[in-house]
Amino acid sequence: MGFKPLHDRIAVRRVAQDEKTAGGIIIPDTAQEKPSEGVVISVGSGARGKDGTIVPLEVKAGDKVLFQKTKNNDAIVTAIYPRDSELKRQDKLIAANIDQLWLVVAIEPHYEFELIDRYLIMAENSNLPIGIIVNKIELSGRESKTENDFLNYQSLGYDVHFLSVKKQINLDFFKEQLINKSHIFLGQSGVGKSSLINSLIPDLQLRVNEISSKSKLGKHTTTNTTIYHIPSGGDLIDSPGVREFQLDSLTELEI
């Protein structure tokens with residue numbers, strides 16, 4: 001397997017150590033250990049240059065990399081492996097090596113079909129499988145109407161799960177779908193992505209903000225794309241909420 005050398009400092013989770021994969025890698029003088037394989041679990045906005053400008057990092061959450069420990073117990077990424085898959089928004093890479101996308105919508109802020117369609121179009125053009133999570137069904141009043149709203153998507157083959165994190169409805173069955181795969185939750189702010197992750201990984205306790213009473217929209221509680229391990233197996237990638245998803249980079253044929 002080929003790889004691309006680079007020297008970014010980034011948080012990684014060690015998954016294996018293979019001396020043979022280190023051939024041809026330039027090891028920094030500060031390195032204290034042999035190269036190890038790992039997965040990038042979190043990436044900031046970038047590195048700040050001497051002139052004050054921000055230089056975007058080439059590695060993304062989900063990237064499989066070689067990294068080197070230093071005297072200061074930092075991790076320096078020395079190589080990045082080719083990606084099996086990429087998730088982009090307006091040509092900006094969000095995460096890599098994803099097995100399953102989940103679009104999280106909710107009763108409040110109420111789901112919008114045009115926004116749902118934008119995410120589905122994006123996923124199809126990225127050749128990434130996507131399912132739909134309808135959260136906060138305890139607020140629906142008429143659960144049968146909510147389920148009917150998504151029959152068209154189900155008839156097209158999309159997996160749809162109707163959940164209530166607050167009332168713990170249908171969560172056990174949903175958890176079974178996550179085992180031993182890498183997943184990412186996408187959707188507007190305030191739909192309950194962080195609450196859902198807290199329910200799946202109780203020790204995590206991500207910060208959750210209330211919905212604005214005026215706009216019915218949530219405030220961003222996630223600022224960086226981060227991977228969290230699920231105790232039962234598999235990984236969750238949490239990304240900042242996106243209120244709009246433009247398709248300007250796609251042609252009419254692709255849409």
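Reply: Y111, F113, F150, Y153 and F162 form one aromatic cluster. The model is predicted: local features need pLDDT of at least 70, side-chain atom pairs count only at pLDDT 80 or more, and totals for chains, interfaces and linings use all residues. Residues are numbered from 1 along each chain as its sequence is written, and side-chain values use heavy atoms, without hydrogens or water.

Me: Why is the pair F150 and Y153 called tilted?

Reply: The ring centres of F150 and Y153 are 5.9 Å apart, so they pair; their planes stand at 40°, so the pair is tilted.

Me: Why is the pair F150 and F162 called edge-to-face?

Reply: The centres of F150 and F162 are 5.9 Å apart and their planes at 80°, which is over 60, so the pair is edge-to-face. F150 lies in the loop between α2 (143-149) and α3 (151-155), and F162 in strand β12 (residues 160-162), so the pair ties together parts 12 residues apart in sequence. Helices here are DSSP runs (H or I, at least four residues), strands likewise (E, at least two), numbered from the N terminus. F150 and F162 are both buried.

Me: Why does N97 count as buried, but N127 as exposed?

Reply: Buried means under 20% relative accessible area, exposed over 50%, partly exposed in between (1.4 Å probe, protein chains only). N97 has 10%, so it is buried. N127 has 70%, so it is exposed. N97 sits in the loop between β9 (92-96) and β10, with phi near 55°. N127 lies in the loop between α1 and β11 (130-135); its phi is about 55°, positive although it is not a glycine.

Me: How do you know that Q100 is buried, and what does its side chain reach?

Reply: Q100 has a relative accessible area of 15%, under 20%, so it is buried. Its side chain reaches the backbone oxygen of P129 at 3.4 Å. A polar contact is a pair of N or O atoms within 3.5 Å; within protein, one must be able to donate a hydrogen and the other to accept it, and residues adjacent in sequence count only if both atoms are side-chain atoms. The place of Q100 is strand β10.

Technical notes: Rings of Phe, Tyr and Trp (its six-membered ring) pair if their centres lie within 6.5 Å; planes under 30 degrees apart count as stacked, over 60 as edge-to-face and the rest as tilted.
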